[in-house]
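Student: I have a structure open and would like to go through it. Can we take it piece by piece?

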Protein chains: 2
Amino acid sequence: MQTVEEIVGVMSSQGLRVTDQRRTLAGLFADTPGYLSPKDVYDYMGRTYSGLSFDTVYRNLRVMEELGVLEQVVFEDGVKFKLHCRETHHHHHMICLQCGRTHPITFCPMEQTKVPGDFTVVKHKFEVFGYCSSCSQEEPSAEGKA
Amino acid sequence: MQTVEEIVGVMSSQGLRVTDQRRTLAGLFADTPGYLSPKDVYDYMGRTYSGLSFDTVYRNLRVMEELGVLEQVVFEDGVKFKLHCRETHHHHHMICLQCGRTHPITFCPMEQTKVPGDFTVVKHKFEVFGYCSSCSQEEPSAEGKA
DNA sequence: GTGTGTGCAAACTGTTTGCACGTAC
DNA sequence: GTACGTGCAAACAGTTTGCACACAC
């Protein structure tokens with residue numbers, strides 16, 4: 001997690017202009033514990049900036065991703081963004097299907113995976129989906145895919 | 001893995017017409033050990049059927065997925081299809097970034113993941129990407145993402 | 001004042017749908 | 001013969017790009 005000022009600081013230190021819109025965007029991600037889709041961002045920003053266009057949202061998401069402030073993940077239902085993890089060591093995530101909030105998993109399955117000698121591992125993905133404490137109470141049924 | 005006849009049998013048993021095109025499509029997947037994108041399928045099929053249209057490819061991929069013959073997976077670079085695993089027990093995959101071939105991983109990391117009591121797990125994803133024996137020799141460098 | 005950021009419109013990719021004709025059954 | 005499959009064209013969603021104006025620096 002980072003504060004708005006930290007994020008804004010990174011932007012200006014890279015020679016990027018700090019506009020109201022970018023400050024708001026930084027604030028949105030600083031306050032959001034989980035993942036946001038471009039549409040989520042657009043909807044939120046649109047409340048403040050009436051003339052907002054989708055392309056500016058995309059441009060700024062891209063800029064902040066290239067800056068290393070945001071990270072992008074591809075889910076079944078599309079691309080989403082969140083603040084880049086500041087954790088120093090390698091980890092994975094449990095992701096709430098309702099609120100998008102993430103919880104770190106320090107255990108890495110690769111350590112225990114027997115890889116055949118002739119297979120060269122480049123990267124891996126381990127993600128656990130479900131409902132977090134707050135959401136599992138409201139959302140006990142629905143969404144059935146195992 | 002299934003034979004063309006097995007796949008075709010499933011189709012006709014469900015009241016679907018067995019056209020030349022669908023037979024060829026079944027043959028393509030029966031002969032392909034890895035994942036295929038809709039474009040891969042279109043390119044392959046287009047060699048045989050000159051007037052082929054993309055929408056028919058999509059329609060048939062969808063039909064075969066709904067039939068349970070194919071399974072669809074979302075990768076960073078788009079949606080891909082392969083024959084649905086016949087393995088009876090739960091497993092994961094090592095996926096070759098070059099040829100798309102998959103190798104089963106019987107080890108399931110969920111068994112060893114400590115889940116907080118207040119998190120309800122719905123599903124999980126564990127995928128290992130790299131280069132298989134045949135491809136790691138040809139492709140020793142390139143693609144650097146860990 | 002200069003150059004970057006923005007909104008607008010349009011292009012573009014991947015995918016889906018409506019329609020009329022063709023073909024498996 | 002009938003209903004489903006196909007190709008074509010068009011629609012559609014998500015994303016990107018070109019341009020002119022606006023604003024952060």
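**Rings, helices and contacts**

Tutor: Y42(B) is partly exposed, with a relative accessible area of 26%; buried means under 20% relative accessible area, exposed over 50%, and partly exposed in between, with a 1.4 Å probe and protein chains only. This is a predicted model, where local features need pLDDT of at least 70, side-chain atom pairs count only at pLDDT 80 or more, and totals for chains, interfaces and linings use all residues. Residues are numbered from 1 along each chain as its sequence is written, chains are lettered from A and ligands numbered from 1 in the order in which they are written, and side-chain values use heavy atoms, with hydrogens and water left out.

Student: How many aromatic pairs are there over all chains?

Tutor: The search of the whole structure gives nine. Rings of Phe, Tyr and Trp (its six-membered ring) pair if their centres lie within 6.5 Å; planes under 30 degrees apart count as stacked, over 60 as edge-to-face and the rest as tilted. For Y42(B) and F54(B), the ring centres are 4.2 Å apart and the planes are at 15 degrees, so this pair is stacked.

Student: Where do Y42(B) and F54(B) lie?

Tutor: Y42(B) is in helix 3 (residues 38-48) of chain B and F54(B) in helix 4 (residues 54-66) of chain B, so the pair ties together parts twelve residues apart in sequence. Helices (H or I, at least four residues) and strands (E, at least two) are DSSP runs, numbered from the N terminus. F54(B) is partly exposed, at a relative accessible area of 32%.

Student: Which residues do ring pairs link into a cluster?

Tutor: Y35(A), F75(A) and F129(A).

Student: Back to chain B. At what angle do the axes of helix 1 and helix 2 of chain B cross?

Tutor: The axes of helix 1 (residues 4-13) of chain B and helix 2 (residues 20-31) of chain B cross at roughly 135 degrees and come within 9 Å. That makes helix 1 of chain B oblique to helix 2 of chain B; angles under 35 degrees count as roughly parallel, over 145 as roughly antiparallel, 65 to 115 as roughly perpendicular and the rest as oblique. Axes are lines fitted to C-alpha atoms, for helices over the stretch in contact, and angles run from 0 to 180 degrees between N-to-C directions.

Student: Which residues make that contact?

Tutor: Helix 1 of chain B contributes V4(B), E5(B), I7(B), V8(B) and M11(B), and helix 2 of chain B contributes R22(B), R23(B), A26(B), G27(B) and A30(B). Contact means heavy atoms within 4.5 Å.

Student: And N60(B), buried or exposed?

Tutor: N60(B) counts as buried, at 7% relative accessibility. N60(B) is in helix 4 of chain B and touches Q21(B), R22(B) and L25(B), leaving out residues up to four places away in sequence.

Student: What does Q21(A) touch?

Tutor: With the same exclusion, M45(A), Y49(A), L52(A), T56(A) and N60(A). Q21(A) lies in helix 2 (residues 20-31) of chain A and counts as buried at 18% relative accessibility.

Student: How many helices and strands does chain A have?

Tutor: Five helices and five strands, running α-α-α-α-β-β-β-β-β-α from the N terminus on. Of the 146 residues of chain A, 43% count as buried.

Student: Last one: where is E111(B) found?

Tutor: E111(B) is in the loop between strand 4 (102-105) and strand 5 (120-131) of chain B. E111(B) is exposed, with a relative accessible area of 66%.
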